[in-house]
Amino acid sequence: MNAAPLGKPVRMRVGVPAVLAFGSNLGDRAATIRDAVDLLGAEPGVDVRAVSRLYETPALKPDGVDEEAPPYLNAVALVHTLLEPLDLLGLVNAVEDRLGRVREERWGDRTLDIDIVDYGGIVSDDDPRIVLPHPRAHERAFVLVPWLDVDADAQLPGYGPVAALAEKATDPVRLWPDAARGEEL
């Protein structure tokens, strides 16, 4: 039995809210994102609270939009987690690997990419493995627009209201036609 002795307080861990962004431009993009959300939600210490609709965007490379590459589907999930930031990063990387992610080219085409956009409002670049909030989230409509689906009042730490950031973002993003017809994650 794991109960505390009578009269002694029991310390319960309280989860931390986090924002995860999903992207896929290879294979069955919608199924891959759906599977990733399901795998994360099945993990102890991760509670998926909300998932956006799917949005389609052209592939973005370091030098701009790549019209030759397959387009991405993108989504955002709000989660509550008991995991520390590096443990959550390890988990999302394991889910990416399980669903066929191959890391050959930075910003290359991929079956799945999961980014930790925000973790409990922490602002940190102390560890090169994880920068919080995600360093380019404030300028990426493919993150900001789906985020607004699940939290219209969202704030990106250090940058302000997500709605204002989304208005300034220049990358093209549109509701995926199947999402507009009611296909949900």
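Leu20 sits in strand β1, which spans residues 16–24. In this predicted model, Leu20 has a relative accessibility of 0% and therefore counts as buried. Leaving aside residues up to four places away in sequence, Leu20 touches Leu40, Ala75, Val76, Ala77, Val79, Leu88, Val92, Ile114, Asp115 and Ile116. Leu20 can also be placed relative to Val51: the two are 31 residues apart along the chain, and their C-alpha atoms are separated by 9.5 Å.

Two of the residues that Leu20 touches, Leu40 and Val92, also take part in the packing of α1 with α2. Two packed helices are described by the angle between their axes and the distance between the axes. Helix α1 covers residues 29–42, and its axis lies 10 Å from that of α2, at an angle of about 135°. The two helices are therefore oblique to each other, an angle over 145 degrees being needed to count as roughly antiparallel. Their crossing is right-handed. On the α1 side the contact is made by Ala36, Leu39 and Leu40, and on the α2 side by Leu91, Val92, Val95 and Arg98. Sorted by class, the residues of this contact are six nonpolar and one charged, with no polar residue.

Helix α2 runs over residues 85–98, and the loop between α2 and β7 (113–119) holds Thr111. The side chain of Thr111 has a polar atom 3.4 Å from the backbone oxygen of Leu99. The side chain of Thr111 also reaches the backbone oxygen of Gly100, at 3.3 Å.

The loop between β6 and α2 contains Leu82. With a relative accessible area of 35%, Leu82 is partly exposed, because that class lies between the limits of 20% for buried and 50% for exposed. Leu82 and Val14 are 68 residues apart in sequence, while their C-alpha atoms are 6.9 Å apart in space.

The side chains of Asp127 and Arg129 are joined by a polar contact of 2.7 Å. Next comes a cis peptide bond between Leu132 and Pro133, with omega about -10°. Pro133 belongs to the loop between β9 (130–132) and α3.

Helix α3 covers residues 141–150, and its buried residues include Ala141, Val143, Leu144, Pro146 and Trp147. What do the buried residues of α3 pack against? Their partners are the strands β1, β3 (55–57), β6 (72–81), β7 and β10 (155–156), and the helix α4 (162–168). Strand β1, one of these partners, is the strand that holds Leu20.

The chain has 185 residues, of which 43% count as buried. Among contacts with a separation of 6 or more, 70% are between residues 24 or more positions apart.

Methods
Residues numbered from 1 in each chain as written. Predicted model: local features only at pLDDT ≥ 70, side-chain atom pairs only at ≥ 80, totals over all residues. Heavy atoms only, no water. Helix = DSSP H or I, 4+ residues; strand = E, 2+ residues; numbered from the N terminus. Polar contact = N/O pair within 3.5 Å; in protein donor to acceptor, adjacent residues only side chain to side chain. Axes fitted to C-alpha atoms, helices over the stretch in contact; angles between N-to-C directions. Parallel < 35°, antiparallel > 145°, perpendicular 65-115°, else oblique. Left-handed = near helix turned anticlockwise from the far one by under 90°. Contact = heavy atoms within 4.5 Å. Nonpolar A, V, L, I, M, F, W, Y, C, P; charged D, E, K, R; others polar. Buried < 20%, exposed > 50% of the residue type's maximum accessible area, 1.4 Å probe, protein only.
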